[in-house]
Amino acid sequence: MRVALYVTCLVDLMRPAIGFAALRLIEACGCDVVVPPAQTCCGQPAWSAGNRPLAIELARKAIGELENYDAIVVPSGSCADQIRNVYPQLLADQPAWAERARRVAGNCRELTTFLHEMLRSTAEIPDFPGEFAGRATYHDACKGLRALGIKEQPRELLARVRGLTLHEMDECEACCGFGGAFSVRFADVSTRIVDDKCAAIARTGADAVIGGDLGCLLNIEGRLRRLGDETTRVLHIAEVLAGGDES
Amino acid sequence: MSGGGSQAMHFKARAGDKLADRILQGALKKAQPLFTAKRRKGMASLAADGLDFAAMRAAAQAIRQRVLDDLDVWLEIFEARAVAAGADVLWARDGAEAARLIVELAQREGVRTVTKSKSMLSEEAGLNAALTAAGIRPVETDLGEYIVQLAQEPPSHIIAPAVHKTIAQVEALFAEAHGRPQQARTSADIPKMADEARQVLRRDFLAADMGISGANFLIAETGSAALVTNEGNGRMVTTLPRLHVVLTGIEKLVPTLEDFATLMRILPRSATGQDISNYVSLLTGTRRDGDLDGPQKTVFVLVDNGRAGLLGGAFEPMLRCIRCGACMNHCPVYFALGGHAYGWVYPGPMGSVLTPLYTGLENALDLPHASTGCNQCGSVCPVGIPLPDLLHGLREAQNARGLRPPGERLTMRLWGWLARHPRSYRLLTRLAARYLHWLGDDDAAGRRIRIFGLAPAWTAGRDLPVGPGRSFFEQYAARKRD
């Protein structure tokens, strides 16, 4: 199976280790992983700002880069939602593109969904190498949860991690307040919202909060540190599953 | 369309004020879990009745959509049936016209005191101000509305108008208005305080010449107004005075009583978690021979104020709204700020859609962006309104009309160019990764930026965790070379 890894612009710039962890995990499933070299950003910031023409251009660019693979895996529910749900919508009325958009959308999987499907369909996959000694709690990112139905997948994957016990926080499905441009445009409101998330995390007494979207994680980690919490680790699920710090 | 008194252009500044208001923040923090717990209970009772939320929502949505598909026809049927039952039906193009019609009617009838039960349309119309200017005294009788009227504020929530007030604030208002010394109050005193308001309002209930109510629904087949309330004030307002005015929007129609029954299974459960509200009134026509109470004259004032303009367009789904408040009750932005930050009549996600549509896109530029896109609103909406999609549609409309600020447009253009040119993009991210790393400080918890000049808003309340100084693609290229 030839799999394209769509790294995402945020992982590329802010935390490359997530990209390498995702790469190792997909390889561990027995797939050939390719990182399409011309990828930049899926275009969600343009779409989200209401700039449809630019969102369409970037959708076409990504579709051209991603259409010749058996699967496209993205370590972010937010970007995966853009490719799976928004691309077909953006290109629905362009005959030359509609079918290509649908095909790419159909092949696109958020990372935990992909790993979960692979585990179910193939018996020979060994356990992932990650280990984590301690208590963890999981933050459900909005797009992943409500647009892609990602709920059990990360939890079942984490249940296989040696040493890790999961303790659900209150309102684990509530938004952390990130919201892309929202976090800068209305930074004070965003900070007020993430305070509730930080408090819920603290109440679990977890050693780490884990999530599947780097945007949420930067928001949560940034606020935790500013509030003086220097110990709670903030980790992408790929990092937890793949183990071993690289890069 | 009239957006009289809208402050929606000042959302950002008002948001800052609301965040700094510690009393308000306390009230909101207390209320939020109560609201979400109520709906949770409502959904549990729906399930206990063997009803499935998704199926109920589909049925409710279909009823509302059926009305919108032929709204003109349903309105004509409603008018004919209401008139046949003895009521008058007046039409108002906008809020100002609605207020004028009601003031004129009150003056013609020699009305001096008006009791009111909750009507958000009354806020759209600025009705209390219009009545007061004409020397007529409006008295809000819904407890929450009574409180905000005493405070001379607009409601901050469509079903809980005084949710932003603390008990101490209400006590201060009551003490002053009711001419008594202030006391220390706790939540155990709420029934006592409600009773105090009741005693005061009783005089007005008996003295009023006109009662004004909204309508949760208008029922076409019977020409009735349906009223869903909990305090009983709605009955006093609609049965005691000799005149009853029903003020509501033209989109509130449902075809039949059967449809109304379907919607009633999901409205209170979505709003307050109740299986059914304490009072459900169906008001048809006027007092008949032998009736012990009821108005001698009933007048429907049905208002457009921008609604008809939405029919058949991309924003038509918003007209399905049944005003349950679930969207704001599950909105992180609403509960960070309260309703007043939104600046016009309707707050929360439904308000962020309606305000620009009813008062003008250019008069509420921030509201469509005042959302994290989390879709907690859309997932609880009992009539399946895709609120984030509608907010997104408004963002696109702003762009299409050139309403976004030049700085934002320029940034988007530059970023868009880079994202389409991978070589330049790689070069820039290479430099950016180094720059971010260089700006950061290391400590036990990792490397992070505490003050970031390029996005100072981010670091006003948060650190910015940064990476190792080399982007993914730079590292990946190096590995491939090895």
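1. Which residues in H5(A) meet which residues in H6(A)? In this predicted model, Ile83(A), Arg84(A), Tyr87(A) and Pro88(A) are the H5(A) side. Ala101(A), Arg102(A), Val104(A) and Ala105(A) are the H6(A) side. By class, the contact of H5(A) with H6(A) holds 6 nonpolar and 2 charged residues, with no polar ones.

2. Now the geometry of that pair. Helix H5 of chain A spans residues 77-90, and helix H6 of chain A spans residues 95-107. Their axes come within 8 Å and cross at roughly 165 degrees. Angles over 145 degrees count as roughly antiparallel, so H5(A) is roughly antiparallel to H6(A). The crossing is left-handed.

3. A second pair is H11 (residues 187-204) and H12 (residues 214-226), both of chain A. Here the axes come within 10 Å and cross at roughly 80 degrees. H11(A) and H12(A) are therefore roughly perpendicular to each other. H11(A) contributes Thr191(A), Val194(A), Asp195(A), Lys197(A) and Cys198(A) to the contact. H12(A) contributes Asn219(A), Ile220(A), Arg223(A) and Leu224(A). The class count for this contact is 4 nonpolar, 2 polar and 3 charged residues.

4. On domains: chain A is divided into domain 1 (2-121) and domain 2 (131-242). Their centres, taken over C-alpha atoms, are 22 Å apart. The contact takes 27 residues from domain 1 of chain A and 23 residues from domain 2 of chain A.

5. Which elements give two or more residues to the domain 1 side of chain A that touches domain 2? They are helices H1 (9-14), H2 (16-28), H3 (44-48), H5 and H7 (111-121) of chain A. That side has 14 nonpolar, 8 polar and 5 charged residues.

Definitions and conventions: Residues numbered from 1 in each chain as written. Chains lettered and ligands numbered in written order. Predicted model: local features only at pLDDT ≥ 70, side-chain atom pairs only at ≥ 80, totals over all residues. Axes fitted to C-alpha atoms, helices over the stretch in contact; angles between N-to-C directions. Helix = DSSP H or I, 4+ residues; strand = E, 2+ residues; numbered from the N terminus. Parallel < 35°, antiparallel > 145°, perpendicular 65-115°, else oblique. Contact = placed C-beta atoms within 7 Å. Nonpolar A, V, L, I, M, F, W, Y, C, P; charged D, E, K, R; others polar. Left-handed = near helix turned anticlockwise from the far one by under 90°. Domains from an automatic or database assignment.
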